Amino acid sequence: MTNQEVSSLNRKGASKWGTLTGRSARVAVALLPLLVFMGIFFFAPLTAVIWDSFQSNDGLFTLQNYADVFKEPIATAMRTSLGLALASAVVSAIPGAVLAFLIESRGSDRLRQLISSVAGVLANTGGVPLAFMFVAALGAAGSATGLFKLLGLDIYTAGFSLYTFWGLVLVYSYFQIPLMVIVFSPAIHGLRREWNEAAKTLGATGSQFWRHIGVPLLFPSFTSAFLLLFASAFSAYATARAMTNGTIALLPLMIGNLLDGNVIFDEVNLAKALAVAMVVVTLLAMVPYLIIQRRAERWQR
Amino acid sequence: MKIFTRRQLPLTIGLFLATLFVLFPLVSATEFSLRQPATSNYGFANYIWFFTAEDFGKYLGISLGLAVVSAIILLVILVPTVIWLNLGGARFRGLVEFVSLLPLVIPVVALAIGAQTALPDFAQTDEIILGFMFAVLAMPYAYRTLDTGLRAIPLQTIVEAARGLGANWLHTIFRVVIPVVRSTVASALFMTLALSLGEYTLTSLLHWDTFTTWVTTMSQSNILGAIALSMFSLIAVFGLLLIISIFIRPTKSNVVAEEN
Amino acid sequence: MNLKRVVAVAAASAVVLGATVAISTPSQAAVNYCKVTDLKTAGGMDALVKAAKKEGALNVITLPRDWANYGEAMDLFSKAFGIKITDDNPDGSSAYEIQTIKTAPAAKQPDVVDIGVSALNGVIGAGQDKLFADYKVANFASIPSKWKDASGAWYGDYNGIIGISYDASVSPAPTKIADLTNPAYKGLVALTGDPTAGQEPFMSVYAASVANGGSVDNIQPGLDFFKKIKASGNFTSVKATGENYVAGAYKIALTWNFNAPGAIASAKAAGKNLKFVIPSDAVLAGTPYIQAINAKAPHCAAARLWEEFIYSANKGKFTADLKPADLKLSGSKLFNTIMGGQNVFVSGGATPILQDLLTKKKTLIDGPDGLNLPKGVKIQQPSPDQQVTGKALVAAQWPTL
């Protein structure tokens, strides 16, 4: 949208929107609600956590908590958490992307809208209910386990277990795949039908269209959606807590144990340093996400 | 049949598999909730147990109310911002997206502890604070959904038309734009509903009682009842969703809709 | 004449003034129950009960109903004295209790807490804000000095012993911890949580240690044991909860004895048959949990009455046996009619801190069936200092088990 169009819009509207300084004021007014809201309910708590992470138990300034982040078993927990996030993102991004494509390209409007709402609800499942659902289905005496047994396959003897790293990846996919559908659908939606038609008119086959136009255009959005799934799995807490008993070392669980446990009571500030470490890692994943997204924006408009 | 055409078949298969994957754990868990050991058959005894429990309506009402509050907060904050982003503030899209994704970077337990320390006492004395915290948790999804929805409509045209006819901004947003994207608004509402009925960590750490904490208290000695309550939270939202989606008109598609 | 009149007026005024003062001052100074340090300064049990009834409410925190039969304790107290009890976050942790006292607004403050002994680290001692109010219950002298604060800020209330809960269908039935290596138990053995986060699993590791050549000084054999049964496939990482049990995800778990009666009852209601036994190769007792009155308690008299109730050695009526006539009794008579808190803990399977006193007074009731201690096995109890070493080892090794 050009500046001329913007100002023509404004001229018809309220008079307070005319001048150059008015534009900065406009920016401030438009962004203010969001920034104030996040400032109070997100940044203030985050700052409290960051502040405490630099305190020792006696209230003195210290960097010891951060030094401890690199020691075992925290280092293992960091590696496992990163691994879990990566695995979950890979395992969920591909089916999610395929599903999003199929729904966006071939689904009716009503279906697309229904899926959007259903995905929104599923993306928020987690914790004890989700854990129990999977125990009921794939636990040692689960219904799916029983079905497999009927077909002659005992998955537990074969080495499968729900309460392992890969079991957790499977459970996470229950909310990760819907998340992928929600996040990736707009990109597909933007892949205009006109481009396919134009390519066809110029003589391209279906696979040529995809190789030269479709995939390159979708790839950035796919990557940024992937990074979002990564961040989501990395900080997932309630589900991991409900599923395991600590034999899988995960950072959010460690933080929970130190902040809200019954055994260790004097490492609260270490827990906060861990939380800050998690924030840093996730931010590092977010930055490429945003850069890629902005580039993908241009053709999506 | 239309869903079995060469074109539609992949979608049909995909949806079938997805539905299987979604429903299987749900049905397995629900089977437990329908067990009635006392009479050795299946039935709704566990559901009746909590439906008729003293505070069921009260706590369900609290959670539903909080869901509505957080949905309203999200809409009030995000809709004007997203409209502005799509009309002329495109330069700031990156910043807004970044800010909207921030709630994903911090584990909920740390956010709760931070909130206890950082928020002033008066902010912690009314349960409505949970509405604000839920809005924070739902922010990433809500922003995404609203942005998608608002980009799918000819926003510029509608706004120009409304303003040209003399409507002020408030009128334009609430009486013109929002009704056009009401399916998007409904999606955002369902997300906050699902979140509110399932959120436990933040609620309990901030010392509040909602439906979720009530479920935990009630579940203490009644295992099958506990399962029934968990399933109810999920099924209730889905049920509402199906009912309301019948009444909401969807927005149009513009996607690659070709033979491949 | 003038002088006489002046004196008369002065005298009359003095009398009137004195009478007015005498009438306007109550017959005794109003008691500030938040500063009361024992039953005597409270003005006796009758006065305490009266003040508590007047307050009408009690805030407790993190008390699950089938934990040492706290459900019965709360119901009994509530019904007898007409005091409404609010239980904040029954599933919460000791850390949550301390955090609540430190940061929650006045309306959310608990009156009394029941925390693990290690939670006292860092909150008690020089340089710390005083979190708890001093109060010495009537039976304070009978509490072992190891488990109480000299000025009455905190005191131990009950402790438990680790045992084996198992489904009746398990064959052969386990009787000791060493049995858990039996290949017949593949995929069936679980803990109730993470030993770095919960006392119950943490003490279970100690129990495994004692049963395998270790001691309360040395938790390593316990860790090695779990490593062994994890490698052999017996130990499954699912959390041992009621729901997971009903779903068949595990069949054997190590749990507190005072959780067993409640677990057996809820299992029965869900159609399962759960059994419990104290292992014959390790009788591992946990350290007592600690009662304390919050210095910022909103209901000071009710809080103190609750503590008197918890430490009462009386043998009396449970909630189900209370009659309307009982409720009309005066404070101290009513107090003596109801079952004392220590016995309520016994009915839940726990070992009360005042066990010796109850035995001496012959008021100790029988515990639930099936929780018998094996004969001739020494009770081991890791001290808080020993637990510090144990914690460090578990925290370092458990995530990579």
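## Basis of the report

Because the model is predicted, local features need pLDDT of at least 70 and side-chain atom pairs count only at pLDDT 80 or more, while totals for chains, interfaces and linings use all residues. Residues are numbered from 1 along each chain as its sequence is written, chains are lettered from A and ligands numbered from 1 in the order in which they are written, and side-chain values use heavy atoms, with hydrogens and water left out.

## The interface of chain B and chain A

Contact is defined as heavy atoms within 4.5 Å. Chain B brings 94 residues to its contact with chain A, and chain A brings 96 residues. The buried area between chain B and chain A is about 8,900 Å², and carbon and sulfur atoms give 72% of that area. Buried area is the accessible area (1.4 Å probe) that two parts lose on being put together, summed over both.

Between chain B and chain A there are zero salt bridges, a salt bridge being a side-chain nitrogen of Lys or Arg within 4 Å of a carboxyl oxygen of Asp or Glu. Seven residue pairs are in polar contact between these two chains (both at pLDDT 80 or more). A polar contact is a pair of N or O atoms within 3.5 Å; within protein, one must be able to donate a hydrogen and the other to accept it, and residues adjacent in sequence count only if both atoms are side-chain atoms. On the side of chain B that touches chain A, H1(B) gives the most, with 13 residues. Helices (H or I, at least four residues) and strands (E, at least two) are DSSP runs, numbered from the N terminus. That side of chain B is made up of 62 nonpolar, 21 polar and 11 charged residues. In this grouping, Ala, Val, Leu, Ile, Met, Phe, Trp, Tyr, Cys and Pro count as nonpolar, Asp, Glu, Lys and Arg as charged, and the others, Gly among them, as polar.

## The interface of chain A and chain C

The contact of chain A with chain C involves 25 residues from chain A and 33 residues from chain C. About 2,600 Å² is buried between these chains, with 56% given by carbon and sulfur atoms.

Helix H6 (127-138), helix H11 (238-243) and helix H12 (251-259) of chain A are the elements that give two or more residues to the side of chain A that touches chain C. The residues on this side of chain A comprise 15 nonpolar, eight polar and two charged.

A disulfide is a covalent bond between the sulfur atoms of two cysteines. The rule, a pair of cysteine sulfur atoms within 2.5 Å, gives one disulfide over all chains. This bond joins C:Cys34 to C:Cys300, with an S to S distance of 2.0 Å. The torsion about the S-S bond is about 90 degrees, so the disulfide is right-handed. C:Cys34 lies in the loop between helix H1 (2-24) and helix H2 (39-42) of chain C, whereas C:Cys300 lies in helix H10 (residues 300-310) of chain C, so the pair ties together parts that are 266 residues apart in sequence.

Buried means under 20% relative accessible area, exposed over 50%, and partly exposed in between (1.4 Å probe, protein chains only). C:Cys34 counts as partly exposed because its relative accessibility is 38%; C:Cys300, at 3%, counts as buried.

## Salt bridges within chains

Side chains of opposite charge can pair when their charged atoms come close. The structure holds 11 salt bridges over all chains. One of them pairs A:Asp52 with A:Lys272, whose closest N and O atoms are 2.7 Å apart. This pair links distant parts of the chain, with A:Asp52 in helix H2 (residues 20-53) of chain A and A:Lys272 in helix H13 (residues 268-300) of chain A, 220 residues apart. Both A:Asp52 and A:Lys272 are buried.

In chain B, B:Arg35 forms a salt bridge with B:Glu31, the closest N and O atoms being 3.1 Å apart. B:Arg35 is partly exposed at 27% relative accessible area, and B:Glu31 is partly exposed at 26%.

B:Thr30 belongs to helix H1 (residues 9-33) of chain B. With a relative accessible area of 16%, B:Thr30 is buried. Apart from neighbours within four places in sequence, B:Thr30 is in contact with B:Tyr47, B:Met231 and B:Ile235.
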